[in-house]
Structure formats: structure tokens, C-alpha cells
Amino acid sequence: GKGVCFDSGGINIKLQGLVDMKYDMGGAASVIGAMHAIAKLKLPVNVIAVVALTENMPGGRSYRPSDIIQSRAGKSIEVLNTDAEGRLILADAIDYVREFQPKAIIDLATLTGAIIVGLGHEYAGLFSNDEKLSGCIQASSKATGDKLWPMPLDPAYDVFMDSPIADVSNLSSQLGKAGSITAAQFLQRFVGDLPWAHIDIAGTAWIPQHNGVHPKGPTGYGVSLLVDVVS
């Protein structure tokens, strides 16, 4: 789960929406909530939860646009925008959990504004490299009411994350186009051959105003979904 406890955007500070950035830890919160429920229900499954926690703030020690940073996996990453930080901590979390050789990895993250442009506040975006895992998650979505919509992964998008001076860039070269997809393509580079699903909950972790179903504020999206997937 992505746990940016406050996301100012860093040096590339956000121009709007700062008051809502306390919710940028929604993915981590849902993962913790799901683990609490799994334990309380005593489900007979082996589940490992990893939450990547940080803040993204400007300051004397903050990372900068044009920096080249080293990921936990050993891949170098060119920083084109410090507001594309969630994918950096998720990459390290994914690499860490790979050491446990899990049957599958599922990450939840308030990752991109682009998914809100595409799906609004009603559906999360589902990206997966495994049809069986994707089908299982979609079935749980229907059972729990945590709505999601399958989105594509494709090498045609992946090339936009290439960097001329590092292994990968943290921002697509095609700005304004397919932002949620290219962010998922970035994460996929750290997954390897394991079955993996990425759920972009930027539009569903909280809503800006009452929509007739949920009141304004955090929704707890993903807790019931994850519990149903593993049960």
C-alpha cells in the first residue's frame, strides 16, 4: 500500500488540492484495515502486508527534478517530477515483498490524477499482468461493491517510461496522455514474473463531495475487496 502521509508535491509543489493530500496514504490505510479484518476473521491464509510510508515535502534534504536515484532493486531512476513519488516507494515495496516469493502481489495506491480523469470517483483502475488474478479481483469487486475497471498494460506504453540516462524515468515522456497506464508500466518493471495487480484508487479512496452513496471524505475503499480476494 502506498502511504504518502502528506503529499505537497515536493519541489514540484502542487498548485491545487493540497488540503486533500492527507488522504494520499489511502492505499496503506486500506492494506492495514484489510490485514486487521483478516486477522479478526482468522482466515486460513498466509498474507504479508507491506506499507511504504513517507511524506513528500520541499526542504533542504528533499530530492530534486533531474536527480538520478537508485531503487532498492538496483535500477536507476531519473526524476523528472518530484510529484511522481508514490511509484518510487511502491517500487521498493514491491521489490521487498518479492523476497517472500508470494503467489501474487496486489498493491493499492492513490497513484494518479489521470485515473480520476478517466473513471471519476466511482471506479478504481485495475492493472494486472495475470488474467486469473485479475478475474479473481473483478469477482470480488462485484461481491463487495468496491467498483473497479480493468485497464490495459502494453509494451507500446512502456517505452514512454524509458530514460536516456537511467534505467527508467519516473514520469512519462508523453505528458497528459495515459498517465495512469504509464505509472502502472513503471511499477511493472519491478515486478518480474510474479502475478501482480495494481489498483489505482486515487478517485475512490476519498471523494470531494457527497455523491448520493458516500459522504464527503475517506471511503475505506479496498478493505472489503482485499478481504474477499484472499478468503
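A: The place to begin is Lys42, which sits in the loop between helix 1 and strand 2; helices (H or I, at least four residues) and strands (E, at least two) are DSSP runs, numbered from the N terminus. The model is predicted, so local features need pLDDT of at least 70 and side-chain atom pairs count only at pLDDT 80 or more, while totals for chains, interfaces and linings use all residues. Residues are numbered from 1 along each chain as its sequence is written, and side-chain values use heavy atoms, with hydrogens and water left out.

Helix 1 covers residues 26–41, 16 residues in total, and spans 22 Å from its first C-alpha to its last, close to the 22 Å expected at 1.5 Å a residue, where the expected span is 1.5 Å times one less than the number of residues. Its buried residues are Gly26, Gly27, Ala28, Ser30, Val31, Ala34 and Ile38; buried means under 20% relative accessible area, exposed over 50%, and partly exposed in between (1.4 Å probe, protein chains only). These buried residues pack against strand 1 (2–7), strand 2 (52–56), strand 5 (105–109) and helix 7 (223–230), with contact meaning heavy atoms within 4.5 Å.

Just after helix 1, Lys42 takes a positive phi of about 55°. Most residues other than glycine have a negative phi. Lys42 counts as exposed because its relative accessibility is 72%.

Ala178, in the loop between strand 8 (168–169) and helix 6 (179–188), likewise has a positive phi of about 55° although it is not a glycine. With a relative accessibility of 31%, Ala178 therefore counts as partly exposed.
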